[in-house]
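Hello,

Here is the structure I promised to hand over. My notes on the ligand site follow below it.

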Amino acid sequence: MNAPEPGPFERLETADGSPTLVHPRFKEAYSSVHGALTQARKLYLELTRTHLDPRPRVLEVGFGLGVNFRVTLESALSRGVRLEYLSYEFAPVERSLLESVEVPLEGAAREVWGEVLGRWPEVGSPLEPLRLSGEWGSLEIRFEDVGEAQFPRVWATAIYLDPFSPAVNPEPWSLEVTRKLHRAAQPGAWLATYSVAGSVRRNLTQAGFAVERVPGVGKKAWLLALCSRSG
Ligand SMILES: C[S@@+](CC[C@H](N)C(=O)[O-])C[C@H]1O[C@@H](n2cnc3c(N)ncnc32)[C@H](O)[C@@H]1O
């Protein structure tokens with residue numbers, strides 16, 4: 001017998017008024033219900049110091065609805081720095097869903113986002129990497145499972161570890177993936193994630209990150225991890 005078809009994506013308003021969607025199979029929201037935009041800005045952009053970096057290179061696990069990308073792009077454009085953003089996504093949503101989740105953007109960032117939407121793969125088409133570049137920087141989305149993907153070596157200044165929770169989506173939090181993330185990070189790079197699960201802390205530590213719990217917004221804590229390798 002076939003598995004039942006998952007239902008539609010449910011739209012939610014999060015605590016800061018910004019929207020998110022709930023995934024019908026994972027039954028989890030794409031962003032924090034305590035504030036989708038707040039999480040993107042405070043946890044991913046600011047705790048990784050990406051908002052201060054003169055040459056940010058972000059590696060993201062889970063492009064999802066592109067909220068973290070849009071917030072990071074807006075920040076880089078407002079500071080006049082080039083952004084390089086590499087994101088992995090194994091189950092891209094339909095373009096209409098991406099369009100339905102608004103993030104306030106100024107002119108140049110809105111144009112880049114329009115280009116992303118214009119190049120977004122059609123349902124059923126082969127999932128070739130989506131690559132965009134311009135004066136603002138570059139975006140590459142690889143439609144791959146991070147369990148199998150090859151990450152660049154010693155590349156990222158920041159890692160946004162943002163899959164669904166380890167309870168429902170354990171693979172991207174595994175020791176194997178966290179080791180690959182460590183190898184992908186430049187020394188001194190920061191990794192941020194919303195899960196403080198013991199297994200996540202242990203895997204990150206074993207992979208070579210110096211891990212700390214930091215106060216979260218609307219929840220008790222987030223995790224911040226420093227790539228402490230030298231060389
Ligand atoms: C919490 S959402 C990410 C939200 C996103 N960062 C944003 O700013 O909108 C998690 C995403 O991770 C993706 N994902 C989960 N496991 C993955 C894996 N093994 N490889 C690649 N992507 C994965 C899911 O398909 C989903 O889109």
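**Ligand site**

A backbone N or O atom of Leu-65 lies 2.9 Å from an oxygen atom of the ligand, a polar contact (a pair of N or O atoms within 3.5 Å). Asn-68 also places a backbone N or O atom 2.8 Å from a ligand oxygen. For Val-146, a polar backbone atom is 3.0 Å from a nitrogen atom of the ligand. The ligand has 610 Å² of accessible area on its own, and the protein covers 99% of that (Shrake-Rupley, 1.4 Å probe).

This is a predicted model: local features need pLDDT of at least 70, side-chain atom pairs count only at pLDDT 80 or more, and totals for chains, interfaces and linings use all residues. Residues are numbered from 1 along each chain as its sequence is written, and side-chain values use heavy atoms, with hydrogens and water left out.

The shell holds 22 residues (a heavy atom within 4 Å of the ligand). Gly-62, Leu-65, Asn-68, Glu-89 and Asp-162 are the closest. By class, 11 are nonpolar, 5 polar and 6 charged (Asp, Glu, Lys and Arg count as charged; Ala, Val, Leu, Ile, Met, Phe, Trp, Tyr, Cys and Pro as nonpolar; the others, Gly among them, as polar).

The lining of the largest pocket divides into 16 nonpolar, 11 polar and 8 charged residues (pocket: an open set of points on a 1 Å grid over the protein atoms alone, where a 1.4 Å probe fits, with protein on both sides within 12 Å along at least five of seven lines; lining: an atom within 4 Å of a point).

Best wishes

Methods:
Polar contact = N/O pair within 3.5 Å; in protein donor to acceptor, adjacent residues only side chain to side chain.
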